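Thanks for coming, everyone. Let's look at one structure together and take it piece by piece.

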Amino acid sequence: MFIYGLLIMSFIVYVINYQTSKNDDNPWETTGGLRGSIDEKYVMVTFQSGIDYWKGVLKGFEDAAEALNVSVEYRGATKYDLQEQITVLEQVIAKRPAGIALSAINPEALNPTINKAIEDGIPVVLFDSGTTESKAYSLLATDNYRAGVIAARTMAELTGGEGDVAILYQPHQMNLEDRTRGFKDTIHAEFPRMEVVEVVDAKAQRSTSHDAAIQLVAKYPDLRGIFITEANGGVGVGDAIQSLGNEKVKIISFDTDKGTLDMVKDGRIDATMAQGTWSMGYWSMQFLFHMKHELVQAANWQTTTMSPLPVKVDTGINVVTKQNVDEYYAK
Amino acid sequence: MKWSGFSLNNQPIRYKLIIHFLLIGILPAIGLGVLIDWTASRIIERQVNDYTIQMIGKVNDSLEHYVENVQNMSYLISFDPNVDKFMEHGTYDEMAIRTFMTGFTTLHTEVAGIVIVNDKGNYISNEMYVRSTKSLMEEDWYKQAVQSKGIFRIIGHPSGRNLASHVDYKDSEVVSFVRAVVDPITQEVKGVIMIDLKLRVFSETVKDVRLGKSGYLMVVDDSGDTIYAPNHPLLQTLPEPLAEDGTAPASSGMYSAKVDGRSLQFIYRTSSFTNWMTVGVFPSGEPVSEMREIRFYVVSFAFFVCLLGIMASYYLSHSMSRPIGQLMSFMQKAESGDLTIRYWGDRQDEVGKLGRSFNLMLAQINRLIILTELQERQKREAELRSLQAHIKPHFLYNTLDTIQWMARRRNADDVADVVGSLSKLFRIGLNRGSDMIPLAEEFEHIRSYMNIQQTRYSGKISFTVSLDPAVANLYVLKLMLQPLVENAIYHGVKERRGPGVIEVSAKEEDGAVLLRVADDGAGIPPDKLARLMSKLESVSSEDGSPDGIGVQREISDMNADKPPADVLLGGSSQGGGSHSSGGEGGSGYGMMNVQARVRIAFGDSYGVKIESQVGQGTIVSIRHPIIRHLDK
């Protein structure tokens with residue numbers, strides 16, 4: 001009977017050992033925590049996909065993928081083209097990826113496509129610029145209105161709280177409109193001795209912004225500041241103001257690409273607004289992963305009316321000036 | 001072998017059976033398991049290895065594809081007229097070059113950065129910028145590109161570059177490629193194009209491969225630096241393959257090595273284009289998962305066979321050895337004397353049969369014992385009777401009476417007395433009625449005998465007879481005293497000078513009758529006495545010891561051959577010749593006869609005892625049980 005017990009014991013030990021060792025299939029990739037599989041492909045879709053701005057987001061997206069052991073793909077409309085982005089998004093959905101992180105070129109036009117993806121069971125989150133009515137689970141973006149508010153306060157600080165200011169933006173792009181609104185509202189409400197004299201559509205390009213700046217300076221002699229709501233314009237305006245030799249006009253730009261940072265460093269741009277681009281990418285991936293692996297409270301997220309994810313995530317805004325610009329350069 | 005056979009024979013049958021069952025049941029199962037395990041693991045191992053080499057080949061193809069793409073990119077960039085102008089130090093449109101390069105990163109998202117450097121150290125890049133003012137021409141990668149003279153070159157992970165990536169790609173996250181742009185005529189280097197590829201695409205390719213074994217893939221370049229390895233690799237640097245025999249490693253193959261005390265197996269394949277080697281690292285001895293599954297089932301099977309085997313062998317051996325053990329304990333009881341024991345059980349197998357045979361055997365033994373006892377008793381009785389068988393007494397009595405009557409008529413009273421005594425002697429001695437007579441009658445008989453002897457040895461012998469009246473009516477074996485008295489006359493009194501006295505007495509002592517014949521004759525020398533005594537002792541009631549039987553035989557023989565009177569008178573009529581010449585053999589004969597009769601009739605606690613001293617005399621006494629009634 002003793003031998004019997006011994007035999008049964010050893011067999012049980014063997015079975016347990018077998019069961020446990022069966023599960024850790026690849027101990028060399030483990031980082032601990034959440035693990036996906038490498039054949040899960042998450043796609044990041046943007047517009048104007050070549051611009052530097054997305055590279056920061058993509059880096060965050062890739063870093064999260066590395067941490068979660070999944071694959072990523074970066075797709076996007078190469079131009080600022082709504083139809084192209086819809087086409088790209090349709091193509092991506094057709095490949096049935098594990099999740100889609102999308103930056104919408106237009107607040108409404110993409111809704112049917114986004115909804116279609118969600119109905120197909122593909123989790124979609126939005127980053128940077130969102131939509132109004134889509135079923136996408138979350139938006140991870142800079143609170144653009146608040147960015148505008150902070151830009152306005154920074155402008156007031158730079159100009160001593162008085163004088164005319166102008167805004168360069170591009171219509172039909174929600175994030176830029178929000179920034180514009182935040183800026184205008186704040187100037188109006190908090191700084192009575194300041195006035196937004198004009199909001200210019202500068203096409204979000206360097207040359208057009210350059211020209212727009214020169215026109216503004218000529219048109220408003222009392223102009224004390226220009227707020228450019230996106231990166232390309234900032235460099236153009238900086239060049240224009242320097243070429244005019246005008247010391248009075250303060251410039252606040254947006255984003256932290258190399259050109260803008262260089263200009264902040266040598267004083268051609270007084271301040272720029274840094275967005276949490278890496279965070280957008282990183283957390284978009286995390287959100288998608290959690291949806292895909294049903295780690296959210298509402299396990300049946302495809303059918304429930306409950307919000308499975310934080311609906312809106314503010315990835316933060318920081319003011320970059322000559323004092324702290326070095327932190328934003330690559331290490 | 002002999003030894004084990006020997007020791008096995010000494011084991012209880014139970015263990016023998018268990019061992020046999022285990023051997024027959026379990027060993028083949030375990031053997032089969034081991035064989036299956038061994039065969040399957042070899043076949044699967046071989047297949048998995050082949051498969052792994054193929055998969056590694058596919059990985060290499062994918063990696064080559066990416067690298068080729070980068071190579072093509074570097075050519076495309078150098079073909080651009082604006083870039084050419086930049087290299088030639090002409091006037092160029094930097095914006096156009098940047099837009100052009102953006103096109104590459106837009107389409108090829110695996111590109112982390114592109115840098116174009118001309119031979120003045122000026123550079124253009126969308127993604128990267130120099131950290132310090134040091135010229136890029138002094139960078140290691142630049143020099144390597146120059147050395148390669150327009151041939152595409154893989155740098156691997158960059159290190160210590162004077163370039164920073166704006167989106168923060170670390171050196172370990174990119175793989176760098178360079179190509180020098182060479183003037184076709186002068187063969188001078190006009191500039192260098194460097195392209196950084198994200199390691200992610202390699203790692204995704206490598207990780208996406210499902211290997212048959214548990215292990216991982218890593219990629220090393222031709223100088224042995226790791227291009228890609230997983231987060232927790234088993235080893236930091238790859239041991240040199242086939243380093244010991246000095247031959248150049250083949251483009252693919254496998255080898256084993258010990259790293260940090262772990263023995264690892266390596267399966268590798270080198271890409272001819274990139275010169276990168278993709279290596280599968282597998283801990284050796286770690287079975288592939290399919291093998292583990294097979295092994296699991298084999299072990300489970302063996303386990304259940306063992307379980308059943310042990311159970312069955314215990315049960316079977318028990319069921320076989322238990323009845324045998326029972327039977328054995330019965331036999332032991334019977335052996336120690338309990339012949340009433342019986343085997344109970346209605347089994348029909350060999351053990352049951354054996355038990356029944358055992359029962360039969362015991363019954364047979366019992367019968368035989370009873371039979372033997374009966375036969376023994378009958379034999380003894382027959383012997384006793386034969387002592388008296390041959391005498392035709394009545395004729396003798398009548399003759400003697402006639403003689404006595406004639407003697408009286410002729411006034412020969414002494415003759416009449418002697419004949420009267422003889423007649424009385426015979427009457428008692430030849431009485432066929434019973435073996436037992438009252439003691440008084442026995443004494444009457446001895447008195448008659450003494451009378452005759454006294455007449456014969458007139459004046460030489462005197463007798464005294466004393467019979468305790470208390471014992472006069474007890475029954476004794478008849479004719480016990482006569483041989484003793486005869487002995488006393490011939491060996492005692494006759495040997496002595498002068499007249500001797502013989503005393504015969506009987507009394508009760510210690511719950512027995514003690515008959516005593518004492519003389520004051522010559523006595524028996526000590527050595528002779530000792531022999532006589534040991535001879536007496538050797539006569540037993542039960543056993544057919546040679547002496548006892550011999551005595552009885554002699555008696556019956558003599559009865560057959562000699563006249564009965566000779567027996568009764570101990571041959572006295574022929575004179576003492578035979579006795580004196582026969583030595584102690586003769587003198588012992590009568591005594592032995594008495595001893596044998598007493599002991600056969602009553603057992604060893606009764607019988608003849610002799611005491612003697614030379615010159616003083618001899619006392620022979622008989623211990624005889626008290627028998628008051630003859631129960632016939």
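One caution before the details: this is a predicted model. Let's begin with the helix pair α5(A) and α6(A). Helix α5 of chain A covers residues 144–159, and helix α6 of chain A covers residues 174–190. Their axes are 6 Å apart, and they pack at an angle of about 40 degrees. Angles under 35 degrees would count as roughly parallel. α5(A) and α6(A) are therefore oblique to each other. The crossing of α5(A) past α6(A) is right-handed.

Who makes that contact? On the α5(A) side, the residues include N144(A), Y145(A), R146(A) and V149(A). On the α6(A) side, they include D178(A), R179(A), F183(A) and I187(A). By class, the contact has seven nonpolar, six polar and five charged residues.

Stay with α6(A) for a moment. Its 17 residues should span 24 Å at 1.5 Å a residue, and its end C-alpha atoms are 24 Å apart, so the two agree. Which of its residues are buried? Among them are N175(A), L176(A), T180(A), G182(A) and T186(A). D178(A), R179(A), F183(A) and I187(A) are buried as well. The cover over the buried residues of α6(A) includes α5 and the strands β5 (139–141), β6 (163–169), β7 (194–201) and β8 (223–228) of chain A.

Now chain A as a whole. Chain A has 10 helices and 12 strands. Of its 331 residues, 51% are buried. Take the contacts in chain A between residues at least 6 apart in sequence: 73% of them join residues at least 24 apart.

Next, the two chains together. 30 residues of chain A are in contact with 32 residues of chain B. Which elements of chain A give two or more residues to that side? They are α1 (2–23), α2 (52–68) and β2 (71–77). The chain A side that touches chain B has 12 nonpolar, eight polar and 10 charged residues.

Over to chain B, and helix α12, residues 481–492. α12(B) has 12 residues. From first C-alpha to last, α12(B) reaches 15 Å, close to the 16 Å expected. Is α12(B) mostly covered or mostly open? It is mostly covered: 12 of its 12 residues are buried. Those buried residues include P483(B), E486(B), N487(B), Y490(B) and H491(B).

α12(B) has a helix partner too. Helix α11 of chain B, residues 439–456, and α12(B) have axes that come within 10 Å and cross at roughly 30 degrees. That makes α11(B) roughly parallel to α12(B), because the angle is under 35 degrees. α11(B) passes α12(B) in a right-handed crossing. From α11(B), the contact uses E442(B), I446(B), Y449(B), M450(B) and Q453(B). From α12(B), it uses L481(B), Q482(B), V485(B) and I489(B). This contact has six nonpolar residues, two polar and one charged.

R96(A) sits in the loop between α3 (82–94) and β3 (99–102) of chain A. Its phi is near 50 degrees, a positive value in a residue other than glycine. Buried or exposed? R96(A) is exposed: 11 other C-beta atoms lie within 10 Å. N411(B) is exposed, with 8 other C-beta atoms within 10 Å.

Terms used
Residues numbered from 1 in each chain as written. Chains lettered and ligands numbered in written order. Predicted model: local features only at pLDDT ≥ 70, side-chain atom pairs only at ≥ 80, totals over all residues. Helix = DSSP H or I, 4+ residues; strand = E, 2+ residues; numbered from the N terminus. Expected span 1.5 Å × (residues − 1). Buried ≥ 20, exposed ≤ 12 C-beta atoms within 10 Å, placed from the backbone. Axes fitted to C-alpha atoms, helices over the stretch in contact; angles between N-to-C directions. Parallel < 35°, antiparallel > 145°, perpendicular 65-115°, else oblique. Left-handed = near helix turned anticlockwise from the far one by under 90°. Contact = placed C-beta atoms within 7 Å. Nonpolar A, V, L, I, M, F, W, Y, C, P; charged D, E, K, R; others polar.
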